[in-house]
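Visitor: Let's walk through this one together, and I'll keep asking how you know each thing. Ready when you are.

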Amino acid sequence: MTYLVLENYIKCKHTDCVEVCPVDCFKEGPNFLVIDPDGCIDCAVCVPECPADAIVAGHEVTDSYWTDLNARLAVSWPVITKKKAPLPEAEEFKAIKDKRHLLEE
């Protein structure tokens, strides 16, 4: 089972996780990252690197929306392998819940 990026990551875009991924499976969108399920090797090295606690094992996710979203967006978004500055509003939005409507595809 792959790892997934979840809702609390929307409008944060911390990229600490991308540099530790041994298979470059992170994909970058305007205000969110996803994990390519076809590339993820379930190593979990990205999990402790995420300051937003937004990366979880797919088997722990009960809402299939996130499984489907990561898979769908991974097809069209480009690979990201280098750390970048987070979005300017990252700290403000890190604690906000129910941000699905803010996701920019």
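## Labels and their cut-offs

Visitor: What makes Asp 63 count as partly exposed?
Guide: Asp 63 has a relative accessibility of 30%. Buried means under 20% relative accessible area, exposed means over 50%, and partly exposed is in between (1.4 Å probe, protein chains only). So Asp 63, at 30%, goes in the partly exposed class.

Visitor: Before we go on, what kind of model is this, and which residues count?
Guide: It's a predicted model: local features need pLDDT of at least 70 and side-chain atom pairs count only at pLDDT 80 or more, while totals for chains, interfaces and linings use all residues. Residues are numbered from 1 along each chain as its sequence is written, and side-chain values use heavy atoms, with hydrogens and water left out.

Visitor: Back to Asp 63, then. How do you know that Asp 63 and Arg 100 form a salt bridge?
Guide: The closest N and O atoms of Arg 100 and Asp 63 are 2.4 Å apart. A salt bridge is a side-chain nitrogen of Lys or Arg within 4 Å of a carboxyl oxygen of Asp or Glu, so this pair qualifies. Arg 100 lies in the segment after helix 3 (90-94) and Asp 63 in the loop between strand 4 and helix 2, so the bridge ties together parts 37 residues apart in sequence. Those element names come from DSSP runs numbered from the N terminus: helices are H or I, at least four residues, and strands are E, at least two. Arg 100 is partly exposed as well, at 33% relative accessibility.

Visitor: What does Arg 100 sit over, and how do you know?
Guide: Arg 100 lies over the face of Tyr 65, at 4.0 Å from the ring centre. The rule asks for NZ of Lys or CZ of Arg within 6 Å of the ring centre and within 35 degrees of the ring normal. Lys 11 gets the label too, with its charged end over the ring of Phe 93, 5.1 Å from its centre.

Visitor: How many salt bridges are there by that rule?
Guide: The count comes to 8. One of them joins the side chains of Lys 13 and Glu 28, at 2.9 Å from N to O. Lys 13 lies in the loop between strand 1 and helix 1 and Glu 28 in strand 2, so that bridge ties together parts 15 residues apart in sequence.

Visitor: Are those two buried or exposed?
Guide: Both Lys 13 and Glu 28 are buried. They also belong to a salt-bridge network that takes in Lys 84.

Visitor: Why is the ring pair of Phe 32 and Trp 66 called tilted?
Guide: The ring centres of Phe 32 and Trp 66 are 6.1 Å apart, with 50 degrees between the planes. Rings of Phe, Tyr and Trp (its six-membered ring) pair if their centres lie within 6.5 Å; planes under 30 degrees apart count as stacked, over 60 as edge-to-face and the rest as tilted. So 6.1 Å makes a pair and 50 degrees makes a tilted one. Phe 32 sits in the loop between strand 2 (26-28) and strand 3, and Trp 66 in helix 2, 34 residues apart. Ring pairs link Tyr 9, Phe 32, Tyr 65 and Trp 66 into a cluster.

Visitor: Which residues have the most contacts inside the largest nonpolar core?
Guide: Tyr 9, Phe 26, Phe 32, Ile 35 and Ile 55, in a core of 33 residues. Helix 2 gives the most to this core, with 4 residues. To belong, buried Ala, Val, Leu, Ile, Met, Phe, Trp, Tyr and Cys residues must be joined through side-chain atoms within 4.5 Å.

Visitor: How many disulfides does the structure hold, and why?
Guide: There are 0 disulfides. A disulfide is a pair of cysteine sulfur atoms within 2.5 Å. The sulfur of Cys 25 is 3.5 Å from the closest cysteine sulfur, in Cys 21, so that's too far for a bond. For Cys 50 the closest is in Cys 17, at 5.9 Å, also too far. Cys 25 is buried at 5% relative accessible area, and Cys 50 is buried at 4%.

Visitor: What makes the phi of Ala 44 worth a look?
Guide: Ala 44 has a positive phi of about 70 degrees although it isn't a glycine. Most residues other than glycine have a negative phi. Ala 44 is in the loop between strand 3 and strand 4. Asp 98, in the segment after helix 3, has a positive phi too, about 55 degrees. At 62% relative accessibility, Asp 98 counts as exposed.
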